[in-house]
Amino acid sequence: MAKSAGTSDKARIKVNQKMIAWADLIFVMERKHQKILERNFSDILVNKPIIILDIEDNYRFNDPGLIDILTTSLRDYL
């Protein structure tokens, strides 16, 4: 099972402590997202692998191009 959340205050669903505690792996699109998570949730990120996908965060929600990129990038984890 997967959940999605953003690091921006403008995110439709914003990442929170409960989501991070639930996760076995955490995927972020850009390194800046990893830094935000580490800054805001350092205490609960212990032993939580963060995988940086190196995908520029400039897509709209459900963008078909982004879905294709994510499908390819996450293939080894699915």
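This is a predicted model: local features need pLDDT of at least 70, side-chain atom pairs count only at pLDDT 80 or more; totals for chains, interfaces and linings use all residues.

Me: Is Leu25 buried, partly exposed or exposed?
Reply: Residues are numbered from 1 along each chain as its sequence is written, and side-chain values use heavy atoms, without hydrogens and water. Buried means under 20% relative accessible area and exposed over 50%, with partly exposed in between (1.4 Å probe, protein chains only). Leu25 has a relative accessibility of 38%, so the residue is partly exposed.

Me: How many aromatic pairs are there?
Reply: Rings of Phe, Tyr and Trp (its six-membered ring) pair if their centres lie within 6.5 Å; planes under 30 degrees apart are stacked, over 60 edge-to-face, and the rest tilted. The count by this rule is 1 aromatic pair.

Me: Which residues form the aromatic pair, and what is its geometry?
Reply: The partners are Phe27 and Tyr77, with 4.9 Å centre to centre. Their planes are at 75 degrees, making the pair of Phe27 and Tyr77 edge-to-face.

Me: Which residue does Lys3 lie over?
Reply: A charge sits over a ring if NZ of Lys or CZ of Arg is within 6 Å of the ring centre and within 35 degrees of the ring normal. At 4.4 Å from the ring centre, Lys3 lies over the face of Trp22.

Me: And which residue does Arg12 lie over?
Reply: Here the distance to the ring centre is 4.3 Å. The ring under Arg12 is that of Phe61.
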